[in-house]
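This briefing is meant for someone opening the structure for the first time. Please keep the sequence and the 3D view side by side while reading the notes below.

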Amino acid sequence: MALVIGVCKEAIESQSRYANNEISLMKAENGCTLIKSTTRRGVIKHGINGVHDLLQCPICANSMYPPIHQCPNGHTLCTNCKRVHNYCPNCRSELGNIRCLALEKVAEALQLPCKYQNLGCRDLFPYYNKLKHEKRCSFRPYICPYASSECSVTGDIPYLVDHIKEDHSVDVHDGCTFNHRYVKSNPHEVENATWMLTVFNCFGRQFCLHFEAFLLGTSPVYMAFLRFMGGQNDAKRFCYALEVSAFGRKLIWQGVPRSIRDSHKEVRDSHDGLIIPRSLALYFSGGDGQELRLRITGRIWKV
Ligand SMILES: [Zn+2]
Ligand SMILES: [Zn+2]
Ligand SMILES: [Zn+2]
Ligand SMILES: [Zn+2]
């Protein structure tokens, strides 16, 4: 490993001379690892994997980011492991405070595919930008849109539609118009934040209709809103309207569905939907105000 570090500088220098070349890694006969610059495609591929392996902390197997440390014998380790260990877990020598600048520089020169490459992300990213990109990559799996639960299931949209049907018993309806009735016998208990989810299949895409009760400040309200099962850009290609009416009065909301990339709570807290104060909801329910019987009609269309 010490040899690797020694050669790294040379590799970086030669790399700057051949701006389009990439650094590759080869195993020498004596078992030492050598880095050299090359343009041959096969070698480049092998090289990226090899350098990438070097950037995996040998102790915790996480990717290493600056400051990358090393022991006096050249065994590298990540910042976290350095914090935990006083002695090199590999050769037991005292760690001291030696930084492995060469490896940090090599990492800087690396271009790596996104970890969602197999889901369709085709771009290459500088090593230090990769994590940041992956957090926002449009190919990253979606999180289950079922509200309130701590469901950690992730996947693509068809998978999640099956999942919420099977595992959360959510109704999935076909059609771009709907007429939904929400009935609750004790509408005064808003504190428990009751909520419901229905999914609509429309234009070959899926939309989540959320309905819930919560306290807006100190006022109990009901709220209905739509989330699109897909990315932000696709969501903007749709529009929806919700209305609740009775006795000649009508409350209408028109909006743009939010992507399920925005959490259910985020959408609710931004009040991006039809908000019905409880007193009005009970008025629309008719009767003696002891039961919530709200009929919400809605429509989804393309813009
Ligand atoms: Zn580590
Ligand atoms: Zn060591
Ligand atoms: Zn990506
Ligand atoms: Zn789920």
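Predicted model: local features only at pLDDT ≥ 70, side-chain atom pairs only at ≥ 80, totals over all residues.

Helix 9 is followed by G286, a residue whose phi is positive, near 70°.

**Helix 9 and its buried face**

- The buried residues of helix 9 are A281, L282, F284 and S285, and seen down the helix axis they fall within an arc of 160°, so they line one face of the helix.
- The elements that the buried residues of helix 9 pack against are strand 14, strand 15, strand 18 and strand 19.

**I276 in strand 18**

- I276 is found in strand 18, and this residue counts as buried because 23 C-beta neighbours lie inside 10 Å, where 20 or more are needed for that label.
- When neighbours within four places in sequence are left aside, the contacts of I276 are V221, Y222, V244, L251 and A281.
- One of these residues, Y222, is also the bridge partner of I276.
- I276 and A213 are 63 residues apart in sequence, while their C-alpha atoms are 9.4 Å apart in space.

**Strand 14 and its partners**

- Strand 14 (residues 219-228) has seven of its ten residues buried, so the strand is largely enclosed by the rest of the structure.
- Strand 13 (residues 205-216) and strand 14 run antiparallel and are joined by ten bridges, with S219 of strand 14 as the bridge partner of L216.
- Two residues lie between the strands in the hairpin of strand 13 and strand 14, and in that hairpin G217 takes a positive phi near 70°.
- Strand 14 is also joined to strand 18 (residues 274-277) by four bridges, and these two strands run antiparallel.
- With strand 17 (residues 258-259), by contrast, strand 14 runs parallel, and two bridges join the two strands; here F228 stands opposite S259 of strand 17.
- In general terms, the strands of a sheet pair through backbone hydrogen bonds, either parallel or antiparallel.

- Four strands form an open sheet in the order 11-19-15-16, and their pairing is antiparallel.
- The edges of this sheet are strand 11 (177-184) and strand 16 (249-255), each of which pairs on one side only.
- On average, neighbouring strands of this sheet are turned by 20° against each other, with direction ignored.
- Within the sheet, strand 15 (residues 238-246) and strand 19 (residues 292-302) run antiparallel and are joined by seven bridges, and the bridge partner of Y240 in strand 19 is I300.

- Although L54 and V106 are 52 residues apart along the chain, their C-alpha atoms are separated by 10.0 Å.
- V106 is one of the buried residues of helix 4 (residues 101-109), which are A102, L103, V106 and A107; these residues cover an arc of only 140° around the axis, which puts them on the same side of helix 4.

**The model as a whole**

- The protein averages a pLDDT of 82, and 80% of its residues score at least 70.
- Over residues 1-46 the pLDDT stays under 50, and for this stretch the model has 65 contacts beyond four places in sequence.
- The secondary structure comes to nine helices and 19 strands, and buried residues make up 27% of the 303 residues in the protein.
- Among contacts between residues at least 6 apart in sequence, 50% join residues at least 24 apart.
- An unreviewed UniProt entry places the feature "domain: RING-type" at residues 57-92; over residues 57-92 the chain in the model is 17% helix and 11% strand, with the end C-alpha atoms 16 Å apart.

Terms used:
Residues numbered from 1 in each chain as written. Chains lettered and ligands numbered in written order. Buried ≥ 20, exposed ≤ 12 C-beta atoms within 10 Å, placed from the backbone. Pairing = 2+ DSSP bridges. Axes fitted to C-alpha atoms, helices over the stretch in contact; angles between N-to-C directions. Arc of directions from axis to C-beta. Contact = placed C-beta atoms within 7 Å. pLDDT = per-residue confidence, 0-100. UniProt positions renumbered as here; feature names shortened; annotations may be inferred.
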